[in-house]
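Okay, thanks for making time, everyone.

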Amino acid sequence: MSIVTVEKLTHYFGDKLVFKDINFRLLRHERVGLVGPNGAGKSTLLKVLTGTILPDDGSVRWLPNVNFGHLEQHIDLTEGINIRQYLRRAFQHLYEAESEMLQLSNEMGEYTPDELERALMRYSTLQELLYQESFYLIDTNIDEICNGLGITPLGMDRDVSELSGGQRTKLLLAKLLLEQPDVLLLDEPTNYLDTGHIEWLKEYLKSYPHSFILISHDTSFLNEVVNVIYHLEFKQLTRYIGNYQSFIEAYEFRKQQTLTNYVRQQQEIEKLETYIQKNKVRASTSKQAKSREKKLQKIDRIEKPDSLPTPRFSFKVAKRPVGIIAKVRDMEVGYSEALLPPISFELKRGAKVAITGHNGIGKSTMLKTLLGEIEPINGCISYGENVIPAYFAQEWNTTSTQTPIDYIWALHEDMTQKEVRQALARCGLKTEHIFQPLASLSGGEQTRVRLCDLMLKDSNWIILDEPTNHLDVQAKDSLSEAVAKYEGTVIVVSHEPEFYHNWATDVWDLEQLRE
């Protein structure tokens, strides 16, 4: 029996068709990977499933009494509650049951014999519920999840309003895992997780007792945890049995088969059209021509397999700097207190450095300190002559109604509109994307807009903080290739070794500094 049934689902964003006539069923214990290029509508589909967005046509029917949990890409949390208190909300019904038990216990002395008998039965029922749901192990379970996702180092008494966007996403994920809904709807859960925490989540999902639908561009992660792939592309959804690698093999075979059938059909259509054109005016052959014309009209035409625009990122060195980009002596990074021991190094021209370490260790803080956005607690930084840095920040939560073309044009006023459109197109953005409000774009599309700005900036030193978050596989490969070809200096923070292992000249593991 299916947990959720979707029939003829169609949705528009304004006048843009997102997907059309989608049909699928989610079965119990299915682990689904929802894949597709940036902007295909994956996040929108999850929001339609949850009822956050109403479709323009079609239906979504959930099995009665089935509960789901949705991990969104962006969330808001209000102040006044700490991390542990927020996570305890996953068990709110159990705390309410405990409160009722305590109230019954306090009032039993005032009950009549009949009331007391009913109260004891209710008390016994509540006690059994708390026992079955492991109520007295709640904090132990919270600690286990928080350790696995790297939340514990943030401080369990920390106010949730103080958390960054990535930390908030991890907190919501932790709450969902504690709730263990019948269906998990996860949108890029590995974003903001480092390698160790991704491994923990991978093992957790492999043993998850219920179903889930997972959006992720981390193909190695998908390979380990899913048994069904739904591919959303060109407004259509296609089901494939197996993990991501099985999907790739089946998809390529299907695409080649469709192309072969398309070519054969085009040859047949051309043959029929040629015969009709030559013979329909001749009395002796007009009957045969009409017969072929009817045959031509009945052909169910195969659409030519299309291909999405491939991003073509590229970065150019504006001015050649001196041999040493930056000299760092006994630098301590942090805010009120140092996050890391003192660091000293020389960053040479042409170096391409990957910085690793668990979340919260201070990677982003280190980048901002190197850029001068944050003053070091101790130590000093000196820069070589003609050094021109360009920075890609990890987080960019925009609510702007500005369109990508207006956003880029405002930052690069010397360009013509045509040049701006061409630059956005090189980043894989279609016309339909560049005239939408930035806030309405997917995370991957927003990242492409930001990378477009980075491409157009003068630089000889690029600093990238988790640039692959939200990017699809094709865009990741293109960005990796562009960074490899860049003749300037690079520092990148990334939790994906496959992104930088081909071109990084050095890897700095910040965890080793603490040993």
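**Sheets and helix packing**

Let me start with the annotation: UniProt, in an unreviewed entry, places the feature "domain: ABC transporter" at residues 4-259 and 319-513. Keep in mind that what you're looking at is a predicted model. For the stretch 319-513, the chain comes out as 32% helix and 23% strand, and its end C-alpha atoms sit 34 Å apart.

Okay, on to the sheets. One of them is an open sheet of three strands, ordered β2-β1-β4, and the pairing is antiparallel. Now, which strands stand at the edges? Those are β2, residues 16-27, and β4, residues 57-62; each has a single partner strand, so one side of each is left without a neighbour in the sheet. On average, neighbouring strands here are turned by 15 degrees against each other, if you ignore direction.

Zoom in on strand β1, residues 2-13: five bridges join β1 to β4, and the two run antiparallel. If you want a landmark in there, find Val-6, which stands opposite Val-60 in β4. Then there's helix α1, residues 42-50, which packs on this sheet and touches β1, β2 and β4. The direction of α1 makes about 60 degrees with that of β2.

The order is β5-β6-β7-β3-β8-β9, and the pairing is mixed. At the edges you have β5, 68-71, and β9, 236-241, each of which pairs on one side only. Again ignoring direction, neighbouring strands in this sheet are turned by 15 degrees against each other on average.

Let's look at the β5 end. β5 pairs with strand β6, residues 183-187, in the parallel sense, over four bridges. For example, Gly-69 has Leu-184 in β6 as its bridge partner. Lying across β5 and β6 is helix α6, residues 165-179, which runs at about 165 degrees to β5.

And over at β9? There we find helix α9, residues 244-279, lying across β3 (31-35), β8 (228-233) and β9. Relative to β9, α9 runs at about 120 degrees.

Last topic: helix on helix. Just to set that up, a packed pair of helices is described by the angle between the axes and the distance between them. The helix to follow is α12, residues 404-411.

What angle does α12 make with α15, residues 443-456? The axes cross at roughly 25 degrees and come within 10 Å. That makes α12 roughly parallel to α15, because angles under 35 degrees count that way. The crossing of this pair is right-handed. On the α12 side, the residues are Pro-404, Tyr-407, Ile-408 and Leu-411, and they meet Val-449, Cys-452, Asp-453 and Leu-456 in α15. By class, the contact of α12 with α15 has seven nonpolar residues, no polar ones and one charged.

Now take α12 against helix α13, residues 417-426. Their axes come within 10 Å and cross at roughly 115 degrees, and this crossing is right-handed. From α12, the contact uses Pro-404, Ile-405, Ile-408 and Trp-409; from α13, Gln-417, Val-420, Arg-421 and Leu-424. By class, you get six nonpolar residues, one polar and one charged.

Technical notes
Residues numbered from 1 in each chain as written. Predicted model: local features only at pLDDT ≥ 70, side-chain atom pairs only at ≥ 80, totals over all residues. Heavy atoms only, no water. Axes fitted to C-alpha atoms, helices over the stretch in contact; angles between N-to-C directions. Parallel < 35°, antiparallel > 145°, perpendicular 65-115°, else oblique. Left-handed = near helix turned anticlockwise from the far one by under 90°. Contact = heavy atoms within 4.5 Å. Nonpolar A, V, L, I, M, F, W, Y, C, P; charged D, E, K, R; others polar. Pairing = 2+ DSSP bridges. UniProt positions renumbered as here; feature names shortened; annotations may be inferred.
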